[in-house]
Amino acid sequence: NSFWMTGFFNPQGFLTAMRQEVTRNHKGWALDSVVLHSEVTRISKEDITQSPSEGVYVFGLYLEGAGWDRRNHRLTESKPKVLFEMLPIIHISAINHHDSKDVRVYSCPVYKKPVRTDLNYIASVDLKTMRPPDHWILRGVALLCDVK
């Protein structure tokens, strides 16, 4: 029903396979024009009883450089002396590419390890925010599978 992202040896392959499945389910979609779409949910891992109709639920990602406002469902400044914050369940699916980008969304990179190299990069997850994305880029906000 939900997947622990940290447990995958190749999480990029998992997300690519999910993207291919969604593309196959929609007649007329080309895999080249399909991109990942993500939404942080309000549900906990224990509340999930079935898989989403399209896409996957993932958990186990830690937010570094920012906090998560669970009430308003968006990025916020991190609390003092809190380096990492567990993000709720994320619903990741795929959509047909469109050029319009919401200015209140930060495209947050996801890494396997705290060492941020291209070898550890997985994908980007869209997180809602009230500040411009540049604010979070300068803070170095990222999602991590493993904090050690």
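Entry one, the sheet. I find an open sheet of 4 strands in the order S1-S3-S8-S2, with mixed pairing (strands are DSSP runs of E, at least two residues, and helices runs of H or I, at least four, numbered from the N terminus; two strands pair if DSSP finds at least two bridges between them). Strand S1 (2–4) and strand S2 (34–40) each have a single partner strand and stand at the edges, so one side of each is left without a neighbour in the sheet. From one strand to the next the twist averages 35° (axes are lines fitted to C-alpha atoms, for helices over the stretch in contact, and angles run from 0 to 180 degrees between N-to-C directions).

A note on the source: this is a predicted model, in which local features need pLDDT of at least 70 and side-chain atom pairs count only at pLDDT 80 or more, while totals for chains, interfaces and linings use all residues. Residues are numbered from 1 along each chain as its sequence is written, and side-chain values use heavy atoms, with hydrogens and water left out.

Entry two, one pairing. I see S3 (residues 56–59) and S8 (residues 90–96) pair in the antiparallel sense over 3 bridges, and Val 58 has Ile 90 in S8 as its bridge partner.

I located Thr 129 in the loop between strand S10 (121–128) and helix H2 (133–139). The side chain of Thr 129 makes a polar contact with that of Trp 136 at 2.7 Å (a pair of N or O atoms within 3.5 Å; within protein, one must be able to donate a hydrogen and the other to accept it, and residues adjacent in sequence count only if both atoms are side-chain atoms).
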